Number of protein chains: 2
Amino acid sequence: MSTSATFAHSFVPTSIGRARRGRIVTPHGEIETPEFMPVGTQATVKSLTPGDLRQAGAQMILGNTYHLNLRPTAERIARLGGLHRFMAWDGPILTDSGGFQVFSLADRRQVDDDGVTFVSHLDGSTHRLTPERSMEIQSLLGSDVAMAFDQLVDPALPRADVADAMRRTHRWAARSLAARGGGDQALFGIIQGGIDPTLRRESVDAVAGQAFDGIAVGGLSVGESKKEMAGTLDVVADALGDDPRPRYLMGVGSPPDFFTAVERGIDLFDCVLPTRVARTGQVWTDAGRMNLRNAAFQDDATPIDPSCACEACRNHSRAYLAHLFRASELLAYRLATIHNVTWTLGLLHRLRIGLEDGSYSQLRDQISAAFRRLRSEAV
Amino acid sequence: MSTSATFAHSFVPTSIGRARRGRIVTPHGEIETPEFMPVGTQATVKSLTPGDLRQAGAQMILGNTYHLNLRPTAERIARLGGLHRFMAWDGPILTDSGGFQVFSLADRRQVDDDGVTFVSHLDGSTHRLTPERSMEIQSLLGSDVAMAFDQLVDPALPRADVADAMRRTHRWAARSLAARGGGDQALFGIIQGGIDPTLRRESVDAVAGQAFDGIAVGGLSVGESKKEMAGTLDVVADALGDDPRPRYLMGVGSPPDFFTAVERGIDLFDCVLPTRVARTGQVWTDAGRMNLRNAAFQDDATPIDPSCACEACRNHSRAYLAHLFRASELLAYRLATIHNVTWTLGLLHRLRIGLEDGSYSQLRDQISAAFRRLRSEAV
C-alpha cells in the first residue's frame, strides 16, 4: 500500500495485548519501534545539538510545518538544502502538517472547506494553509515522513461540529495524497473523530482506506480523560484490525501513556512534554518526577539518577542543578533536557526489550506507579 | 616570595617588548601563558558544560565571590566539596575578591575603612564584605588562586578620591594576606591608582612589596581610553621591573587589548566580553566581528569561520545560527558562546606560538586591523 520508494515497515506481534515490536525504514535510517520522537519545533530540540540528540539515543525527531514555514520559511530551508542539512540532523525526520498549530490559534484563524487562513503569532501577517500547501511545505523541508493536513477540534464540542471537522479531515486527506510530491517522502493519514466511538470508526475506515504509508491518531491528549484516551485507542485498534502500517499517536508523551498506547498497537509517539517540563526543572526517573527547584535539592550531592549515564547525571549533582535553576542559568535548561530526553528514550528502549523478553509488565507497573501522580494532572 | 605550597610560575622573556612566555603551576594543573580565563560568574560559563570548556581549550576559569556567596553561598559550596567539585570543573580556578561587583552596586553600598556593607541585587538583603570575609569565602570555595579584597573607583573621580581608595586597597591587601587560609591556595594582590602615573607607581610599590603569589592590575577597562590603558600598563611594567610573579590584567578581553597588554608584560586576562557578546549574536573571527542577527546571514550556507574546528563551525551554517537567534532558541546562545570561547582561546594559543616562532607581530597586525572598529567602541 506504500507509495514511497524507500519507506518500509515490519513488525512482529507480541504477547502483550496488541503491542507490536517493529522497525521502520526511511531514507535517513531505521527506527526501532515502539519509539518516541523528540520535538524540534523550530529546527532544534530546544537547547540540544544534533550530537546531544544522538547521545541521548534519539532515532527520529519531529519538525513543525507551521513554525518553520513562518520562520525561516520552507523556501529558505529548501534553498539551504532541506531540513536535515539546515539543522545538521542526518537521522529520520517527521514533519507535522501545521494543522495542530493552526487550530491552536483559536480566534486568529478562519476555516473553510478549502483550507485555513490564519494570522501569524510572530508578526500578525496573514497566511493560508491548505492540504496542497502543507504538502508543498513538507516537500520543501524534505522530511522522511510527512503528515496529511487535518482539522483538529476540541472533543468536548457538539458531536455535529466534531463530525464536520472529521469529514473535512477525510476530504483533506485525499487532497493531501493527491498533492504529495512523490519521491522518497512517506505520507501518513490522520484519524480524527474526538472521543465518539462511532465517529472514530468512521474515521478509521475513511483514512485507512486511502494509500497512506502510515496511520496517525490525532485529536487525543487535548483535554479528555485517561480513560477516554484508552477507550478511543481500543476503538481505533479494533477498527484497524491487522492493518500492517505503522501507527503514530500524536502529541502523547507522558510515561504511563506510552504503555497504555503500546498495548493498543501504537508504534510511534511525539510530545513536547519531556523537554518542556525539563525547562521548568521537572526531571523524570524510574522513581517518578522530581522538581529540581525544590529547596531540599540545594544540598543534595547525588545526581538526578545514579543509574543514568546522561551528561547531567554523569557529571553533576542535584545541588548544582538546583543552583543553576535558581540562578536562571542557561545550562540548567540544557542539562535537564538532556536528562529527560535520555530517560524517555531509554524507557522506550526498555519497553522494546520488555516486549521481547517478557519483562514488559514489570516495567509498566513500576513506571505507572511512580508516575501515578502525573496521570491525574493536566500536563 | 610565594606562600602557597604548590603554586609556581616560570617564564622566559621574548623579543616582543616586555612580553613573557610562561607557565603557571596550580594544584589543579598547569596554565601556559599568556592566557585568557573564561568567566564562570555563577559556577558556570554561561550555557557551557565543563566538557564544552575543555573542548574549547580552556586551561583556567574564573568564579565570582560576590555572586557565589549570595547564591548558593560559599558555605553551601564548601559542604558540597568546594567549587571544583560543585561545578565539575577539575582544572584551575581563580576567584575574584568581590570588590569589583560590590563597587558596581553604586548607591547600594557603603564603604568604610573596615569593609563594605551592601544590599544584595537578588533579594535586597544586607551583607558585609571585608578583606577577612573575602578571604574566608574564597577559602571555602577552594579556588587555586584567590584575589585580595580591593576598592575599585572610577578613574575619572577627583585625584584625592582615587588616592584614598588606592591606599585603602593597600591596607586591605595587607589584611588579605594576614587572613589567607594557607594551604595550596595562592593569593594575588591588586594594583589600583586609576590612570594617574604617580598613584600607579605608588600602588605597584605598595602591592609588589607584599608577599603575594601574583600581581593583578585592577581599575582598567572601566571607561578610560585605549591610550590611557596602554600608558598605565607601561607605568606598571616600568615600576614592576623584573618582578618574576605572574601578572594579571583584570576585566580585559577584547582581541586588540590582548596584544597591547602582552607587550607590556601581562600573563593572564579575564573578561565577560567574548561570552556576553556571543549571546547577542556577535561572533569573532580573524576577519573581525560579525553579527549573526544581520539579515544577510539568513541565506549564508557557510559556517561562521570555515577554518574553525568548534562544534558551531563544524556542524552549522551562519543561516542556521541566524535562524536560531531570530527564534530566540537556547541553542543559539550555546553555539555562539562555544565559537567565541574557542576562537579567543585559540587566539591566545596562536599568540603564545607567535612569541616563540616570531610570527607574533603579523598576528597582532592582522587582528588589530580586523577589530579596529571594536577598539573605538565602548565594549
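Student: How are residues, chains and ligands labelled, and what limits apply?

Tutor: Residues are numbered from 1 along each chain as its sequence is written, and chains are lettered from A and ligands numbered from 1 in the order in which they are written. The model is predicted, so to speak of a local feature takes pLDDT of at least 70, and side-chain atom pairs count only at pLDDT 80 or more, while totals for chains, interfaces and linings use all residues.

Student: What are the helices and strands of chain A, and how many are there?

Tutor: Helices (H or I, at least four residues) and strands (E, at least two) are DSSP runs, numbered from the N terminus. Chain A has 16 helices and 17 strands.

Student: What does the radius of gyration say about chain A?

Tutor: The radius is taken over C-alpha atoms, and the globule rule is 2.2 Å times the number of residues to the power 0.38. For 379 residues, the rule puts a compact globule near 21 Å, and the 20 Å of chain A agrees with that. Along the principal axes, the C-alpha atoms of chain A fill a box of roughly 60 × 50 × 40 Å.

Student: How many of the residues of chain A count as buried?

Tutor: A residue is buried if 20 or more other C-beta atoms lie within 10 Å of its own, exposed if 12 or fewer, and partly exposed in between, with C-beta atoms placed from the backbone. In chain A, 56% of the 379 residues count as buried.

Student: Which part of the contacts in chain A joins residues 24 or more positions apart?

Tutor: Two residues are in contact if their C-beta atoms, placed from the backbone, lie within 7 Å. Among contacts in chain A with a separation of 6 or more, 69% are between residues 24 or more positions apart.

Student: Is helix 10 of chain A buried or exposed?

Tutor: Helix 10 covers residues 255-262 of chain A, and 7 of its 8 residues are buried, so the rest of the structure largely encloses it. Among the buried residues are A:Phe258, A:Phe259 and A:Val262. The buried residues of this helix pack against helix 9 (226-240), helix 14 (330-357) and helix 15 (360-370) of chain A, and also against strands, including strand 14 (247-249) and strand 16 (282-285).

Student: How do strands pair in a sheet?

Tutor: Strands of a sheet pair through backbone hydrogen bonds, either parallel or antiparallel. Here, two strands pair if DSSP finds at least two bridges between them. In chain A, 3 strands form an open sheet in the order 8-9-10, with antiparallel pairing. Strand 8 (109-111) and strand 10 (126-129) of chain A are at the edges with a single partner strand each, so one side of each has no neighbour in the sheet. Strand 9 (residues 116-119) of chain A is joined to strand 10 by 4 bridges, and A:Val116 stands opposite A:Leu129.

Student: What do the two faces of a strand look like in strand 12 of chain B?

Tutor: In a regular strand the side chains alternate between the two faces of the sheet. Strand 12 (residues 186-191) of chain B is mostly covered, with 6 of its 6 residues buried. B:Ala186, B:Phe188 and B:Ile190 lie on one side, and B:Leu187, B:Gly189 and B:Ile191 on the other. Strand 12 pairs in the parallel sense with strand 11 (residues 145-147) of chain B over 3 bridges, and B:Val145 has B:Ala186 as its bridge partner. With strand 13 (residues 214-217) of chain B, strand 12 also pairs in the parallel sense, over 4 bridges; B:Gly189 stands opposite B:Ile215.

Student: How are the two copies related?

Tutor: Two copies of a chain are related by a rotation about an axis and a shift along it.
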